[in-house]
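Take a look at the model, then read on.

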Protein chains: 2
Amino acid sequence: MALELPDLLRHARGDEPADLLLANARVVNVFSGEVYEADVAIAGDTIVGVGHGWEARRVMDLRGRHVAPGFIDAHVHVESAMVPPRELARAVVPRGVTTLVADPHEIANVLGFDGVRFMLENARGAPITLLVNAPSCVPATGMETSGASLPATELVKLLGEPGVLGLAEVMDFPGVVAGHSDVLAKLEAFRELPVDGHCPGLSGPALCAYAAAGIGSDHECTTVEEGREKLRLGMTIFLREASGAHDLRTLLPLVTAVSERRFCLCTDDREPADLLAEGSIDHLVRVAIAEGLAPLTAIRLATLNAAEYFRLRDRGAIAPGRRADLVVFDAPGAPRPDLVYVAGRLVARGGALVEPIEPAPVPPGVTRSVRVDWSRVDLRIRAVGRHVRVIRALPDRIVTESEIAEAAIRDGEAVADPRRDLLKMAVIERHGRRGTVGLGFVAGVGLRRGALASTVAHDHHNLLAIGADDRSMLTAARAVAEAGGGRAVADGDRVLALLALPIAGLMSDLPIEAVSDRAGDLIAAARTLGSALRDPFATVSFLALEVVPKLKLTDLGLVDVERFELVPLFVEERPA
Amino acid sequence: MALELPDLLRHARGDEPADLLLANARVVNVFSGEVYEADVAIAGDTIVGVGHGWEARRVMDLRGRHVAPGFIDAHVHVESAMVPPRELARAVVPRGVTTLVADPHEIANVLGFDGVRFMLENARGAPITLLVNAPSCVPATGMETSGASLPATELVKLLGEPGVLGLAEVMDFPGVVAGHSDVLAKLEAFRELPVDGHCPGLSGPALCAYAAAGIGSDHECTTVEEGREKLRLGMTIFLREASGAHDLRTLLPLVTAVSERRFCLCTDDREPADLLAEGSIDHLVRVAIAEGLAPLTAIRLATLNAAEYFRLRDRGAIAPGRRADLVVFDAPGAPRPDLVYVAGRLVARGGALVEPIEPAPVPPGVTRSVRVDWSRVDLRIRAVGRHVRVIRALPDRIVTESEIAEAAIRDGEAVADPRRDLLKMAVIERHGRRGTVGLGFVAGVGLRRGALASTVAHDHHNLLAIGADDRSMLTAARAVAEAGGGRAVADGDRVLALLALPIAGLMSDLPIEAVSDRAGDLIAAARTLGSALRDPFATVSFLALEVVPKLKLTDLGLVDVERFELVPLFVEERPA
């Protein structure tokens with residue numbers, strides 16, 4: 001409960017007892033860089049005193065345990081956990097994550113504003129703060145069909161909406177550097193707010209232009225050199241430990257006593273299994289400490305630094321006037337939050353919630369997002385040449401290679417040839433807009449037979465299917481569509497495994513533990529069909545993302561990302 | 001000249017040459033904490049590139065000299081330099097100070113908004129950024145007559161005015177802690193902006209209440225213990241090196257690798273002689289380094305830290321998109337700015353301005369501020385008792401002691417007794433409002449004969465006179481009034497020295513060098529009359545400030561600051 005200032009002052013100066021006193025705490029002070037014994041007095045949702053001298057209606061004697069501010073995830077796509085915000089909260093709140101800065105660009109590509117509002121609405125009442133940055137790149141390009149479009153003229157409508165913090169990762173870095181008017185209009189509209197970046201590999205004058213445009217952060221650094229250049233140019237570096245991108249350890253050497261204030265921690269995309277097994281930001285804090293970072297510095301990255309970067313002056317530290325989002329733990333060398341307080345209330349203890357977080361109803365507009373015109377779906381490829389471009393998927397990478405292979409031609413049609421690891425790939429427009437289907441071939445997924453399908457296909461999230469034969473592909477794709485979205489593995493007419501993701505075709509309505517189990521079933525099923533990838537769905541979900549090199553397939557066809565244009569499937573000659 | 005974003009980007013990415021290239025610089029990078037060789041490319045008023053790879057219309061080869069961001073004074077009362085902002089700029093810009101965060105509360109006490117606007121207006125076009133915080137305590141209390149009053153309902157009118165940054169030092173800390181409604185209304189009005197504090201000696205739950213109210217800084221710490229407590233509670237500590245308050249060296253032990261980001265540098269009140277002889281923030285940087293602070297850290301305090309505290313995202317660092325306010329110097333161990341760039345233009349070299357800063361016209365409303373009703377000025381004190389309260393001035397302190405002495409009574413009047421160092425003091429209302437005159441006695445000033453008078457009398461700036469006889473007092477006071485305000489020393493009918501301060505009775509229209517000379521003349525004259533104080537005017541200017549203990553005199557009479565009430569001059573009995 002938020003108190004009015006006069007009431008807050010009454011509690012602070014001790015004229016009225018506090019609501020809660022965390023007594024005999026070892027306070028992790030992210031301002032002074034000290035850890036020392038003190039009491040923390042709380043009134044309503046706010047810290048009113050740190051030190052000694054307060055009485056309280058309830059006293060929790062911490063007997064020397066550590067108390068630190070709640071953790072802040074500086075950049076997360078909730079949709080990657082395949083559950084909506086409240087369900088993600090169930091997983092991360094007991095681990096001490098009390099604030100999420102989310103980029104809802106997956107759901108925005110499907111449902112536009114309605115998707116963004118659903119995310120904010122869904123988190124309401126849950127013991128976590130969900131803040132969102134306005135998705136800056138919906139759709140990613142014009143070479144796809146997304147479910148919604150958020151040009152600058154639309155995006156400004158999010159300005160000032162409660163819970164909207166700034167502009168989310170500006171992935172169109174070539175557009176920024178070149179000064180394209182639509183992306184500059186977005187930057188101008190959000191110039192007084194935090195603007196997150198995304199510019200893998202950008203360097204030199206181009207990077208200076210990107211920074212000069214007012215972009216304040218980057219979470220895509222993969223080498224110390226890249227991170228150092230961006231740090232020097234004033235960008236705050238988000239150290240990422242996602243399921244598919246492990247940059248934290250690599251970049252930690254950059255975090256020194258003189259540079260540490262310019263770093264935050266983020267999970268970006270973490271899958272249910274990793275969230276449940278390792279954790280969230282708490283895991284990153286422990287990894288950083290294990291790698292040699294001072295515990296206090298690691299905690300600062302996860303608290304004050306993110307609060308300062310995002311201008312959240314109400315949290316990120318244990319000080320009078322700030323929200324009582326707090327974690328209590330024993331071993332500073334490997335903090336595992338035992339007690340978690342959110343807005344002054346104990347919400348988790350020993351890794352479990354004190355009170356359950358009940359799911360919220362999902363509005364029908366959010367669950368009926370898969371609209372495929374099956375009458376227009378024809379997976380056959382008429383052979384108009386002898387050689388085809390092939391997408392080469394790389395294990396746990398979002399970039400691909402572009403290859404050329406001899407087509408397998410049967411009855412005048414180019415078909416999959418699983419013996420050569422040449423699978424057919426289809427991207428079926430599923431937003432009920434164009435009814436387009438992009439067709440191509442992919443290597444590196446490794447299915448010997450059967451097919452997989454998914455409505456998680458960054459960023460447009462059309463219905464993607466990959467398989468050794470059209471029948472299996474259609475079985476998987478139809479199963480997914482009938483479930484309102486999801487992921488499936490099929491062989492012939494048989495569905496071997498299915499994870500329904502009825503919320504925008506991206507998120508489940510099941511508990512995250514069940515989602516994790518079924519995701520495991522999918523991988524196992526794909527393995528029986530021959531795929532050796534760690535998680536084939538993680539890899540294939542990026543095969544349709546036409547802003548990451550080199551060759552991708554959208555519902556409009558093959559995209560040569562480096563030329564930034566649609567290219568035909570068949571090529572005239574195989575180059576020497 | 002400010003460029004539009006598309007133009008800025010053209011220069012940044014190198015499609016168009018920069019306007020200026022500082023080549024072969026050793027860049028002091030306040031983000032990464034490094035110093036390294038790089039070029040700095042500037043277009044218009046903005047840095048567009050740091051690194052290598054730009055061409056420019058003009059190239060300045062720095063041959064390995066250091067370049068750092070321009071210095072920011074986090075808290076300064078321009079009026080203490082006794083010259084208006086443009087003239088102060090003349091003194092501090094060649095020393096590398098490019099941004100002043102000013103609290104114009106002296107002139108606001110005389111002229112209200114008109115005074116604040118005069119300060120902003122006066123700086124316009126000068127090669128410095130003057131930002132002001134809205135004066136929070138005008139008048140200081142109801143036990144005085146000031147020239148203007150700025151209650152919350154008035155103060156909000158400054159919100160959003162260009163150049164207005166936040167709320168200036170909230171000196172009414174007892175009012176904040178106690179929750180007085182007018183001061184809370186000011187805090188609420190400015191809650192989204194930086195709010196500076198001023199709470200000497202506040203500690204424990206009362207300090208927690210003050211911090212919980214949203215007050216973000218304090219520049220009044222005088223001990224390491226005091227600074228540490230405030231630091232821990234989330235207050236940014238401004239390290240002050242004023243003419244009359246030397247806290248920088250004392251507090252430096254608090255500045256460590258883990259705490260440094262929470263400190264800024266400020267001059268608060270610096271007199272012309274100190275500005276000319278030692279400098280401004282550049283002096284504080286050198287002192288800090290000489291005391292053992294790493295040069296890079298000292299520079300950070302003077303640049304990035306202040307920029308971050310005040311949310312000035314356009315300056316405080318050398319990075320693309322930030323203002324090209326830069327200083328170039330040789331010896332990092334004692335930085336003395338040689339070249340100074342403001343908004344991309346070279347404005348000073350070798351300690352001298354490249355182009356003169358011409359004075360701006362002063363509007364008549366600002367110069368006609370001394371309005372004394374002499375018909376009501378009667379300095380005689382009828383003896384209604386045998387003992388009087390005496391203000392004991394302490395050298396270079398703003399606090400006083402409160403004493404009781406036997407009155408010197410002649411012809412039924414209590415008079416000065418310079419042999420006992422008992423001088424008469426008068427505070428003559430000079431704003432043309434009440435015509436009140438407060439009378440009392442002061443010890444510690446040391447005049448054997450004659451008198452001094454001043455319209456610089458914090459914070460109400462009435463006409464203060466102190467002397468050995470009424471005639472000298474009136475001579476000095478009339479000389480000051482006729483000059484439109486100022487400071488004078490007189491003996492009998494003769495004016496020995498006079499510094500006219502016609503701008504609000506606080507500032508001169510002469511060059512700062514002349515002001516410094518005349519201030520020296522005043523001290524010399526006071527010395528011939530017997531005062532041994534370093535600067536008697538500096539000391540006496542606080543004898544009328546009824547918010548600093550213990551005994552003070554305003555135009556309404558003696559104030560016992562600890563009881564916070566007006567008290568009679570005569571006491572019944574001298575206590576045992």
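Predicted model: local features only at pLDDT ≥ 70, side-chain atom pairs only at ≥ 80, totals over all residues.

Q: What makes Cys137(B) a cysteine in no disulfide?
A: A disulfide needs two cysteine sulfurs within 2.5 Å. For Cys137(B) the nearest cysteine sulfur, that of Cys199(B), is 12 Å away, so Cys137(B) is in no disulfide.

Q: Why is Cys137(B) called buried?
A: Its relative accessible area is 8%, and buried means under 20%, so the label applies.

Q: Is Cys266(B) buried or exposed, and what makes it so?
A: Cys266(B) has 0% relative accessibility; buried means under 20%, so Cys266(B) counts as buried.

Q: Why is helix α13 of chain B, residues 295-302, called largely enclosed by the rest of the structure?
A: Because 7 of its 8 residues are buried. Among them are Leu296(B), Ile299(B) and Leu301(B), along with Arg300(B).

Q: What makes the relation between chain B and chain A that of a two-fold axis?
A: Chain B superposes on chain A by a rotation of 180 degrees with 0.0 Å of shift along the axis, at an RMSD of 0.1 Å. That is how a two-fold axis relates copies. In chain B, the C-alpha nearest the axis belongs to Ala257(B), 3.0 Å from it.

Q: How do you know that the copies meet through the same surface?
A: Because 100% of the interface residues of chain B are also interface residues in chain A.

Technical notes. Residues numbered from 1 in each chain as written. Chains lettered and ligands numbered in written order. Heavy atoms only, no water. Buried < 20%, exposed > 50% of the residue type's maximum accessible area, 1.4 Å probe, protein only. Helix = DSSP H or I, 4+ residues; strand = E, 2+ residues; numbered from the N terminus. Least-squares fit on C-alpha atoms with pLDDT ≥ 70 in both. Contact = heavy atoms within 4.5 Å.
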